[in-house]
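Please open the model in your viewer and keep the selection panel at hand. The tour goes from a single sheet to a single side chain, and then to whole chains and the surfaces between them.

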Amino acid sequence: MISTQSIRVQTRGNCDIIDITHQVTETVRDSGLNTGTVTVFVAHSTCGITTVEYEPGLVSDLKEFFERVAPQGIPYGHDKRWGDGNGHSHVRASLLGCSLAIPFNDGIIILGTWQQVILVDFDNRSRMREIVFQIIGE
Amino acid sequence: MISTQSIRVQTRGNCDIIDITHQVTETVRDSGLNTGTVTVFVAHSTCGITTVEYEPGLVSDLKEFFERVAPQGIPYGHDKRWGDGNGHSHVRASLLGCSLAIPFNDGIIILGTWQQVILVDFDNRSRMREIVFQIIGE
Amino acid sequence: MISTQSIRVQTRGNCDIIDITHQVTETVRDSGLNTGTVTVFVAHSTCGITTVEYEPGLVSDLKEFFERVAPQGIPYGHDKRWGDGNGHSHVRASLLGCSLAIPFNDGIIILGTWQQVILVDFDNRSRMREIVFQIIGE
């Protein structure tokens, strides 16, 4: 059986990191399915999905990491062509990836205690984002 | 129901970035399935799959990004042992990942307007590549 | 049909890279399923899953790559708050990702000859790790 749900999340952009674990957990539980995989997917080209131990130290460490490997202040071909100023946002999003598959059993996603699912919004302004949870299970 | 298809793509290597969105879209539509997930997978150790807004500015930005974090000109243990000269290609491929799961509904993959599916061929020469589309749906 | 299995792997931490291809292959074969996708998932916030040509040169190249982009010796907010000294481990794990979906056909996973599935344990000490293989197929 397949169930597709989505949520909307308000972000502040600029590498805003938002814990969406609770929404994933609830959506899987509400599906009534026992075992399977939930695909967490974001259909925006300046966002990414991954996991992290969600605590303020690591939230700032991740931001610093992305600033180190794909800095905001260097020239981007995207910015030259389109003037959006978010070339770094696109590069970071392509790197992190927009999709994450998480198995679940007994209606509970298999995550570590210190492992939360996060949306990272790399865009350079506040945005409303839609995240899709597609559950394939039985 | 599960359907497995594949396409072959000629690349120029050297971080060649190829938009395969149209092929993913067509394969999902032709499967006749309504809802589910398509896994886009490349079984080559010097390629990766991700999404990006496919325009020339970002294509060059991505290439510069990979050259910055895994440069071609530094020593690689792989090159010392095997003399292929593509150590950087392997490292970049492991970083980006070879697999991407995309949900679809009503036979249409859930992608943003500015979000295309790309194959990146990191190898240091022209190659023929096979990409697998496996669709699980109903 | 869905089958969920897991294995336990002893690691040495510190970017230990372990080839788990054989275990993925065997688990898929033993499931008796013909075609589908296996999701390889690690529920620990300092581990990642990807593919690489598993040979000593690339194993050391990958370690050097992670040391370059998320070095151990720089200050991390996580270390300041919690004193674990593994801030770099968490950042690397979030970057690499904890989940990989691999299609299979005729009971055999679709991997390249030079493409192995690896667990990378970024933690700063030896650990026992559990890896989940969830197979959805028919």
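Two strands are said to pair if DSSP finds at least two bridges between them, and the helices (H or I, at least four residues) and strands (E, at least two) named on this tour are DSSP runs, numbered from the N terminus. The model is a predicted one, in which local features need pLDDT of at least 70 and side-chain atom pairs count only at pLDDT 80 or more, whereas totals for chains, interfaces and linings use all residues. Residues are numbered from 1 along each chain as its sequence is written, while chains are lettered from A and ligands numbered from 1 in the order in which they are written.

**First stop: the sheet of chain C**

Select residues 36-42 and 99-105 of chain C, which are strands β3 and β5; they run antiparallel and are joined by 6 bridges. Within this pair, Val40(C) has Leu100(C) of β5(C) as its bridge partner. Now widen the selection to the open sheet of 5 strands to which they belong, whose order in chain C is β1-β8-β3-β5-β6, with antiparallel pairing. At the edges stand β1 (2-11) and β6 (108-109) of chain C, and because each has a single partner strand, one side of each is left without a neighbour in the sheet.

**Second stop: Phe65(C)**

Move to helix α2 of chain C, residues 56-69, and pick out Phe65(C). This residue is buried, with 23 other C-beta atoms within 10 Å; by the rule used here, a residue is buried if 20 or more other C-beta atoms lie within 10 Å of its own, exposed if 12 or fewer, and partly exposed in between, with C-beta atoms placed from the backbone. Which residues does Phe65(C) contact, leaving aside its neighbours within four places in sequence? They are Ala70(B) and Val91(B), where contact requires that the C-beta atoms of two residues, placed from the backbone, lie within 7 Å.

Of the 138 residues of chain A, 56% count as buried, and among contacts with a separation of 6 or more, 83% come from residues 24 or more positions apart.

Bring back chain C and select the contact, which takes 30 residues from chain A and 26 residues from chain C. On the chain A side, β3 (36-42), β4 (47-52), α2 (56-69), β5 (99-105) and β8 (127-137) each supply at least two residues, and the largest share, 8 residues, comes from α2(A).

**Last stop: the axis**

The copies use different surfaces, since 13% of the contact residues of chain B recur in chain A.
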